[in-house]
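These are my notebook entries on a structure that I am reading for the first time. I record what I looked up, entry by entry.

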Amino acid sequence: MITVERLSKTYRVADKQPGLAGTLRHFLRRRQRDVFAVRDVSFEIAPGEMVGFLGANGAGKTTTLKMLCGLIYPSSGQVLVAGHQPQRRHPDFLRRITLVMGQKQQLIWDLPPMDSLRVNAAVYGIPDRVASRRIAELSDLLELGEELTRPVRKLSLGQRMKAELLAALLHEPEVLFLDEPTLGLDVNAQMRVRQFLADYNRRTGATVLLTSHYMADITALCPRVLLIHQGQLFHDGALDRLASRLAPERHVRLELKEPAPAEAFTGLGRLDSLENCEVNLRVEPSSLTRVLAEVLERFEVRDLEVNDPPIDQLIGELFRQGSL
Amino acid sequence: MGRYWRTLRRFWGTALATQLEYQLNVVVELLAVVLSLGGSLLLLSLFFGPGRELGGWNWNQALIVQGFYTVFDGMTTAWLRPNLGAIVTYVREGTLDFVLLKPIDSQFWVSLRTFAPAGLSEVVLGLGLAGWGAHQSGVVLTPPLLVAVLLMLMVAAVILYSLWFLIAATSIWFVKTWNATEVLRAVLASGRYPLEAYPASLRLLFTLVVPVAFLTTVPAEVLLGRASLPLLALGFVLAGGFFAAARGFWLFALRHYTSASS
Amino acid sequence: MRIFGLNRRIVRALLGSQYAHMLEYRAEIALWALSGVLPFIMLSLWSGSDARAQLGLDGVALDRYFLSAFLVRQFSVVWMVYAFEEDALLGRLSPYLLQPLHPLWRYVASHLGEQLTRLPFAAGIAGVFFLIQPQAFWIPSLGGFLLAWIATWMAFAIAFLLQSLIASLCFWSEKATALERLLFLPFLFFSGLLAPLTAFPPAVQDWVRWTPFPYLIDFPARVLSGDAVNLAAGFGAQLAWVLLLLPLVLLLWRAGVRRYSAMGA
């Protein structure tokens with residue numbers, strides 16, 4: 001459904017220092033440089049797949065997403081979505097895709113969502129009878145009722161997002177591009193949106209590409225993730241494989257019967273913390289069995305636990321540091 | 001084509017509904033229309049008096065010009081300002097993306113998305129004023145004359161739209177100069193008065209560079225039955241040229257937008 | 001020491017930051033300056049009109065009047081109500097209300113910063129005007145210039161207070177800015193921007209003198225252009241309007257803020 005081959009995008013940017021002096025200098029002499037937003041990205045997505053798209057702010061996520069919908073011309077490389085070159089924005093292509101942006105809205109602020117839906121029905125050339133049926137079905141799935149006839153400005157953020165989704169899906173697109181669809185929503189609303197997306201994907205077989213800052217969205221919805229870092233594709237595959245790539249070590253937590261000194265753990269992986277009887281170690285998977293055997297032999301162990309580092313913590317750290 | 005009609009009806013239906021959400025605004029706007037016309041007539045009357053003319057136009061003839069100006073000011077209020085003035089908002093908030101992803105012509109969308117009903121009342125008042133001025137000037141409105149006047153008003157509307165659009169579309173590059181159309185509005189205000197009232201250099205400017213003359217003076221001359229054929233032909237050529245330029249410029253602007261935005 | 005909640009440090013910080021802020025918008029401000037060309041269009045119209053004789057402005061006096069009207073307008077433009085509406089809409093108002101400084105000062109400072117940014121553009125337009133009409137060139141006396149400056153700032157103060165009055169109403173109705181349009185229309189026609197006050201019939205003149213409008217453009221413009229004008233009456237009227245509007249604005253503002261915080265915004 002989506003084929004991306006060696007996709008790249010470069011930008012010219014101007015630098016400006018803060019303050020009045022910086023303003024004047026910027027005014028007199030602009031410094032510009034070329035920046036790669038996306039570099040040599042290739043992947044394929046099959047029909048019906050739900051794929052998570054991860055990356056820190058400025059990693060090139062949104063740029064790639066916009067190239068896939070045809071909002072940005074690629075600098076080089078090939079993109080094919082639903083058999084079309086997106087940047088041509090052929091009406092047939094536009095009828096088969098949709099874009100939802102969590103921080104932007106297309107609903108008319110002062111009017112009930114229903115009015116915006118009627119506009120969309122006309123724009124996409126959907127007969128009113130068909131449109132009403134779809135609105136009824138989708139609002140059922142989204143648990144929207146009288147909210148559709150209340151001015152958008154009076155809806156809560158969660159209700160508004162659900163109405164945005166309805167407006168974006170009215171024309172039954174085959175490919176959904178979702179950019180932070182749960183941004184700013186409370187946990188309940190996030191869960192409902194997530195559930196809806198899963199349902200929608202199951203019922204219609206639509207292809208979904210989703211970016212989110214909330215790892216819960218990704219873990220719940222996307223068996224496959226793409227991680228983009230500094231414009232390049234760093235990972236393409238299952239989420240747990242990403243975890244083992246990011247942090248191959250296992251966490252071993254021990255509770256000893258008697259306290260032991262730090263020196264006692266040499267040769268048993270990396271010592272994370274040591275507090276009286278509680279010990280945390282990080283161990284390479286290959287030496288895990290050896291380490292565990294030695295630990296049980298050397299110490300009297302009251303409790304033992306082996307864990308993968310939590311994925312959202314890993315990704316969170318990655319986003320915070322902005323480096324791998 | 002049917003889809004475009006249906007879309008247009010929905011566009012303006014929702015625009016009307018939005019306006020009615022704020023009743024106070026509607027009242028204020030209507031009051032402003034009446035006050036503005038009253039003030040304009042008072043100002044115009046200052047130039048006239050017993051036996052006095054303005055650039056060879058008498059009071060009744062000048063009323064026709066003022067009437068047509070009011071029509072186009074109404075068109076500006078009703079369509080140009082709310083729609084084309086919003087282009088910069090689309091760009092700033094990034095919602096132009098939504099427009100571009102709709103299977104409908106984007107220039108159609110940004111030009112006709114909404115309308116302000118108050119401007120419509122100005123159009124009606126302006127037509128009434130021009131009609132009154134023509135009647136007082138002894139014009140007999142035959143069907144061919146009516147067709148000719150309507151044709152010239154269409155030419156004028158196309159020129160006005162294209163000028164506005166050309167300037168408003170630059171906000172795709174220059175978000176910070178979103179108010180460039182205000183300069184155009186200030187210059188267009190010269191169309192309140194007959195072209196002949198201005199010095200020769202300005203007359204040339206208002207005919208060829210910013211063709212204000214074709215908005216008000218030329219249609220008024222057609223109505224008075226004294227327009228010259230070459231001038232009318234020039235009007236058609238200008239309208240066609242400006243519209244083609246506006247269309248070309250929009251496509252060019254979108255190419256820039258889609259290769260530069262992030 | 002603080003006067004009206006201001007001391008030197010606050011004034012310097014406010015003006016400095018607002019000037020830097022406005023410099024970021026220099027392109028927009030240049031266009032606003034350019035969109036003030038209406039007085040020049042009216043000048044070209046009046047110059048060739050038979051009705052010119054009744055204005056009492058002979059020869060270059062008319063050119064100087066309209067140029068002065070343009071300059072006075074440039075430095076007394078007020079857009080406070082729009083800035084206020086945006087601040088209220090975007091929720092920037094609440095933090096301003098918490099600061100130990102009257103929020104109106106912030107708007108005063110941003111207007112002064114904008115005027116400073118506008119200065120080179122307005123001067124440039126005036127320069128072009130003199131290139132086209134060299135015979136109209138004049139340099140006002142230092143005293144005349146200072147008086148004109150004060151008169152322009154007084155005009156700015158009146159316009160600012162009038163808009164603050166409307167802005168205060170925004171605390172009650174979110175679309176109060178529509179009222180600004182109703183205020184702008186009499187300003188446009190009776191301030192002297194399009195026609196000197198003397199162009200109007202005597203009855204209209206007598207009536208308009210009791211409104212604030214002629215003191216916003218006509219009076220300062222005549223002071224600047226060196227026209228014979230009753231200074232005492234003009235400044236007296238300006239001062240009277242400021243003294244009338246100021247307490248009204250402060251009262252309405254305070255009531256509005258009380259209502260605003262009562263609604264928990």
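**Entry 1**

I located A:Arg6 in strand β1 (residues 2–15) of chain A; helices (H or I, at least four residues) and strands (E, at least two) are DSSP runs, numbered from the N terminus. I note that this is a predicted model, in which local features need pLDDT of at least 70 and side-chain atom pairs count only at pLDDT 80 or more, while totals for chains, interfaces and linings use all residues. Residues are numbered from 1 along each chain as its sequence is written, and chains are lettered from A and ligands numbered from 1 in the order in which they are written.

I looked up phi of A:Arg6 and found a value near 45 degrees, positive in a residue other than glycine. Most residues other than glycine have a negative phi. A:Arg6 counts as exposed because it has 12 C-beta neighbours inside 10 Å. For the term, a residue is buried if 20 or more other C-beta atoms lie within 10 Å of its own, exposed if 12 or fewer, and partly exposed in between, with C-beta atoms placed from the backbone.

I then turned to A:Glu172, which is found in the loop between α6 (157–169) and β6 (175–179) of chain A. Phi of A:Glu172 is also positive, near 50 degrees. With 15 other C-beta atoms within 10 Å, A:Glu172 is partly exposed.

**Entry 2: nonpolar cores**

Which residues have the most contacts inside the largest nonpolar core? I found A:Leu166, A:Phe177 and B:Ile159, in a core of 209 residues. Such a core is a set of buried Ala, Val, Leu, Ile, Met, Phe, Trp, Tyr and Cys residues joined through C-beta atoms within 7 Å. Helix α8 (residues 143–169) of chain B gives the most to this core, with 15 residues. Apart from this core lies another, of nine residues, including A:Leu254 and A:Val279.

I listed the partners of A:Leu166, leaving out residues up to four places away in sequence; among them are A:Pro113, A:Leu117, A:Ile135 and A:Ser139.

**Entry 3: chain B against chain C**

I looked up the interface and found 32 residues of chain B in contact with 29 residues of chain C; two residues are in contact if their C-beta atoms, placed from the backbone, lie within 7 Å. On the chain B side, α2 (23–46) and α9 (180–188) are the elements that give two or more residues. The largest share of that side, eleven residues, comes from α2(B).

**Entry 4: helix α2 of chain C**

I found that the axes of α2 (residues 26–34) and α7 (residues 103–132) of chain C come within 9 Å and cross at roughly 50 degrees. Axes are lines fitted to C-alpha atoms, for helices over the stretch in contact, and angles run from 0 to 180 degrees between N-to-C directions. α2(C) and α7(C) are therefore oblique to each other: angles under 35 degrees count as roughly parallel, over 145 as roughly antiparallel, 65 to 115 as roughly perpendicular and the rest as oblique. Among the residues making the contact are C:Ile29 and C:Ala33 of α2(C), and C:Phe121 and C:Ile125 of α7(C).

The buried residues of α2(C) are C:Glu28, C:Ile29, C:Ala30, C:Trp32 and C:Ala33. They pack against α9 of chain B, and against α1 (8–23), α4 (60–74) and α7 of chain C.
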